[in-house]
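Have the sequence and the 3D view ready before you read on. This report goes from the whole chain down to single side chains.

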Amino acid sequence: MALQSFLICPNSKLTAALEGFCGNAAAFILRKFSEYPTPEHLARLLRIHAPNVIFISLQDPTIATELVHRIRGEAPGMPIVAVNEMCDADVLLHAVRLGVQDFMSVSSAVSAKECFDRIRSRLSRESPLVGATDRVYCFLPAKPGVGTSTLAVNTALHIAQSGLERVFL
């Protein structure tokens, strides 16, 4: 199962390490945030993209807390993984108090692999509920006979074959 994720991390070094882990674990990053998004913006993007998992840096605990609460409201059951450069006791305590499902430190590739395995296992049992996740693609021809139907069928076929989405045409 390919994971589709959001990566919320203002630390570029940490982001690069997480991208490497995601690439090795067949986890596709739908959206990467180089700074913390506003809760409203994040809620809108959750409804548009419907990721399977969200990785969030605890670099700024106050903002991370606000975002985690917003994610819980918008997408109940969404796996949230707190990430940090080091496995510090204070950071772990904050992650536990937030109620995140997992914690990943970039200092250990083994813990990252185990984290991805746990996420996949959880998603195989239950998937998160995200409201209004349907994507609608509309193909409007400029005039009859220009291949709009062919383009729509080929696009639907490509999306279906990617295995990331279900398609209704």
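What follows covers the overall layout, the cores, the cysteines, the salt bridges and a surface patch.

## About the model

This is a predicted model, in which local features need pLDDT of at least 70, side-chain atom pairs count only at pLDDT 80 or more, and totals for chains, interfaces and linings use all residues. Residues are numbered from 1 along each chain as its sequence is written, and side-chain values use heavy atoms, with hydrogens and water left out.

## Overall layout

The chain has 6 helices and 5 strands. These elements are DSSP runs numbered from the N terminus: helices are H or I with at least four residues, and strands are E with at least two. In sequence order the pattern reads β-α-β-α-β-α-β-α-β-α-α. Along the principal axes, the C-alpha atoms fill a box of roughly 65 × 30 × 30 Å.

Of the 169 residues, 38% count as buried. Buried means under 20% relative accessible area, exposed means over 50%, and partly exposed lies in between (1.4 Å probe, protein chains only). The accessible surface of the chain is about 9700 Å², and 56% of that belongs to carbon and sulfur atoms. Such areas come from the Shrake-Rupley method with a 1.4 Å probe; for residues, only the protein chains shown count as cover. Now take the contacts, meaning heavy atoms within 4.5 Å. Among contacts in the chain with a separation of 6 or more, 66% join residues 24 or more positions apart.

## The nonpolar cores

Which residues have the most contacts inside the largest nonpolar core? They are Ile8, Leu42 and Ile56, in a core of 23 residues. A nonpolar core is a set of buried Ala, Val, Leu, Ile, Met, Phe, Trp, Tyr and Cys residues joined through side-chain atoms within 4.5 Å. Two or more residues come from each of β1 (3–8), α2 (39–49), β3 (53–57), α3 (61–74), β4 (80–84) and α4 (89–98). Helix α3 gives the largest share, 4 residues.

Look at isoleucine 56. Leaving out residues up to four places away in sequence, isoleucine 56 touches Ile8, Tyr36, Ala64, Leu67, Val68, Ile80, Val81, Ala82 and Val83. There is also a second, separate core of 19 residues. Leu18, Cys22, Ala27 and Val53 are among its members.

A disulfide is a covalent bond between the sulfur atoms of two cysteines. The search counts a pair of cysteine sulfur atoms within 2.5 Å. In the whole structure, the search finds 0 disulfides. For cysteine 9, the nearest cysteine sulfur is that of cysteine 22, 11 Å away. Cysteine 9 counts as buried because its relative accessibility is 1%. For cysteine 115, the nearest cysteine sulfur is again that of cysteine 22, at 9.4 Å. Cysteine 115 is buried too, at 0% relative accessibility.

## Salt bridges

How many salt bridges does a search of the whole structure find? The count is 5. In a salt bridge, a side-chain nitrogen of Lys or Arg is within 4 Å of a carboxyl oxygen of Asp or Glu. Glutamate 19 and lysine 32 form one, at 2.5 Å from N to O. Glutamate 19 sits in helix α1 (residues 12–24) and lysine 32 in strand β2 (residues 27–33), so the pair links distant parts of the chain, 13 residues apart. Glutamate 19 is partly exposed at 31% relative accessibility, and lysine 32 is partly exposed at 45%.Arginine 118 and aspartate 102 meet at 2.7 Å, N to O. Arginine 118 lies in helix α5 (residues 109–125) and aspartate 102 in strand β5 (residues 102–105), so this bridge ties together parts 16 residues apart in sequence. Arginine 118 is partly exposed at 42%, whereas aspartate 102 is buried at 13%. Salt bridges with shared partners also join Glu40, Arg47, Arg70 and Glu74 into one network. Within it, the closest N and O atoms of arginine 70 and glutamate 74 are 3.6 Å apart. Both residues lie in helix α3, 4 residues apart, about one turn of the helix.

## A nonpolar surface patch

Finally, turn to the surface. Val153, Val167 and Leu169 form a nonpolar patch there, with about 280 Å² of accessible area together. Patches are made of residues with over 30% relative accessible area and no salt bridge; like charges are joined within 9 Å, and nonpolar side chains (Val, Leu, Ile, Met, Phe, Trp, Tyr) within 5 Å. Valine 153 belongs to helix α6 (residues 148–162). Its relative accessibility is 43%, so valine 153 counts as partly exposed.
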